[in-house]
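Keep the 3D view open as you read.

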Amino acid sequence: MYSINRVQHEHTKEGAKFKTLNTYHLYHNLPKKLFVIGVGPGSPKYLTDAAKDAIRKSRYIIGYKYTLIIIESVIDKSRQHISEITMDNQEKAYNDTYNKMAESDYCTVTFTGDVNFSESEVVDRLLEIFGDDNVEIVPGISSIQIAAAKSKVPLDKASIITYHVSGDIEEKKLELVNAIIKGKSVILLPRPWPRDPKRNFMQSDIAIFLRKNGVDTSNLNVCVFEHLTQDDKETVFKGKVSNLEGKYFDPLSVMVIDQVKRKTYLQFP
Ligand SMILES: C[S@@+](CC[C@H](N)C(=O)[O-])C[C@H]1O[C@@H](n2cnc3c(N)ncnc32)[C@H](O)[C@@H]1O
C-alpha cells in the first residue's frame, strides 16, 4: 500500500531521482476509504465542492445531527446508509461501519467547520480505526474563520485558542493572558460542559478569570458570535470583556478579543 508521503524512484540519465506520486491516484485505489470532511459551520452555503464529492461517493455517512442537517440536500437516503451519532454511541458506530464496509466502499464522517480545528480527539480515533493511509481529510470553513471575517480581525494577527477539549486547559488559560498582555487579538472557542458545569470555561468565566489575572477588562473590546451562518439564529454581542461577567451565551459561540492596530501597505514604503 502507498503512503501519501512515499516517493518512488525514477531512473534517468543522471541516475536515480525521486518522483512524488499523484495523490488522486493514491487515494482512489484504497480499500475501505474514509473521508473526514468539514461542513458548515452552520449553513450549507459554506459547503465546498470537495466535501460534496466525498459525500456523493460514499456508501456510508456518519455524523452528529447538526452536521447531517447541513448536508441534507446532498445525501441520497435511497442508496446511502446514514448514521446519526452522539458522543455516547460514536465509538460503536465507527467500528460497526468499518466492519460492514466492503473493500471498495467509501465512508464519510462529517465534522462542524474545519476538521483540522478542535476536532483531533475524534479524528485521531478515526485514523486509528481506518489507518492513516486510508483517510483523506477534506478541510472546511471554520467558525473561527467566519468570526475573523465578521469581526475583521485577521487570523495572522490573532492567537487562536480552543478550550473545547476534554483535557486540562490551565496552560491554555495562561496563553490567553500572555497574548492579551502582548497586545495580540484572540479568537477562541469557549468550553461548554453541560454534564459538569464546574468544568465550563464560557464567556463569563473567561471575563472573571482575566480580571482576576490583572487584565483591565473594562478597556478590552470583545465580540461574541452565536450560531454563525445560521441565518435566522445568528447573533453578535459587541462590548467590553467586563460586560461578559454574568452573561449567558450559547455553547455554539466564538469569542473575539479585538486589539488589532490596522496597518496598510502605505506604511511600508
Ligand atoms: C468541537 S468544536 C468544533 C470547531 C469546528 N471544527 C470549527 O472549525 O468551527 C465545537 C465548537 O465550535 C464552535 N462552533 C462551531 N460551529 C459554530 C457556529 N456555527 N457558530 C458559533 N460557534 C460555532 C462552538 O464554540 C462549538 O462549541
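How do the residues of the shell around the ligand divide into nonpolar, polar and charged? They split into eleven nonpolar, ten polar and two charged. Keep in mind that this is a predicted model.

## Around the ligand

The ligand is surrounded by 23 residues. Gly-42, Gly-113, Ser-142, Ser-143 and Leu-228 are the closest of them. As for secondary structure, the elements giving two or more residues to this shell are β6 (106-112), α6 (143-151) and β12 (253-258).

Both domains take part here: domain 1 (31-140) and domain 2 (144-258) each supply at least three residues of the shell.

## The chain overall

Zooming out, you'll find eight helices and twelve strands in the chain. There are 269 residues, and 32% of them are buried. If you take the contacts between residues at least 6 apart in sequence, 68% join residues at least 24 apart.

## The nonpolar core

As a rule, nonpolar side chains in soluble globular proteins tend to be buried together. In this chain, the largest nonpolar core has 58 residues. Val-36, Ile-37, Ala-147, Ile-187 and Val-254 are the ones with the most contacts inside that core. Strand β3 (residues 33-39) gives the core its largest share, five residues. Like the ligand shell, which draws at least three residues from each domain, the core takes at least three from each of domain 1 (31-140) and domain 2 (144-258).

Leaving out residues up to four places away in sequence, Val-36 touches Val-109, Phe-111, Val-115, Val-123, Leu-126, Val-135, Ile-137 and Val-138.

Start with helix α2 (residues 49-57), where the buried residues are Ala-51, Ala-54 and Ile-55. Looking down the axis of α2, these fall within an arc of 100°, so they line one face of the helix. What do the buried residues of α2 pack against? Their partners are β3, β4 (60-64), β6 and β7 (135-138).

Helix α8 (residues 203-212) has Gln-203, Ile-206, Ala-207 and Leu-210 buried. Down the axis of α8, the buried residues again sit within an arc of 100°, so they line one face of that helix. They pack against α7, β10 and β12. Just after α8 comes Gly-214, with a positive phi of about 85°.

Is Ile-180 buried or exposed? Ile-180 counts as buried because it has 22 C-beta neighbours inside 10 Å, and the cut-off for buried is 20 or more. This residue is in helix α7 (residues 170-181). Beyond residues up to four places away in sequence, Ile-180 touches Val-186, Leu-210, Val-215 and Ile-257. Leu-210 is also one of the buried residues of α8. Ile-180 and Leu-220 are 40 residues apart in sequence, with their C-alpha atoms 9.1 Å apart in space.

Glu-234 belongs to the loop between β10 (221-226) and β11 (235-240). With 16 other C-beta atoms within 10 Å, Glu-234 is partly exposed. Setting aside neighbours within four places in sequence, Glu-234 is in contact with Glu-226, His-227, Leu-228 and Thr-229. Leu-228 is also among the closest residues to the ligand. Between Glu-234 and Ser-253 there are 9.6 Å, C-alpha to C-alpha, for 19 residues of separation in sequence.

## Backbone spots to check

Most residues other than glycine have a negative phi, and most peptide bonds are trans. A few spots in this model go the other way. Gly-40 and Pro-41 are joined by a cis peptide bond, with omega about 25°. Pro-41 sits in the loop between β3 and α2.

Lys-152 isn't a glycine, yet its phi is positive, about 60°. You'll find Lys-152 in the loop between α6 and β8 (158-162). Lys-152 is exposed, with 11 other C-beta atoms within 10 Å. His-227 is another residue other than glycine with a positive phi, near 50°. His-227 lies in the loop between β10 and β11. His-227 counts as partly exposed, with 17 C-beta neighbours inside 10 Å.

Terms used
Residues numbered from 1 in each chain as written. Predicted model: local features only at pLDDT ≥ 70, side-chain atom pairs only at ≥ 80, totals over all residues. Core = buried A, V, L, I, M, F, W, Y, C linked by C-beta atoms within 7 Å. Buried ≥ 20, exposed ≤ 12 C-beta atoms within 10 Å, placed from the backbone. Helix = DSSP H or I, 4+ residues; strand = E, 2+ residues; numbered from the N terminus. Domains from an automatic or database assignment. Contact = placed C-beta atoms within 7 Å. Near = placed C-beta within 6 Å. Nonpolar A, V, L, I, M, F, W, Y, C, P; charged D, E, K, R; others polar. Arc of directions from axis to C-beta.
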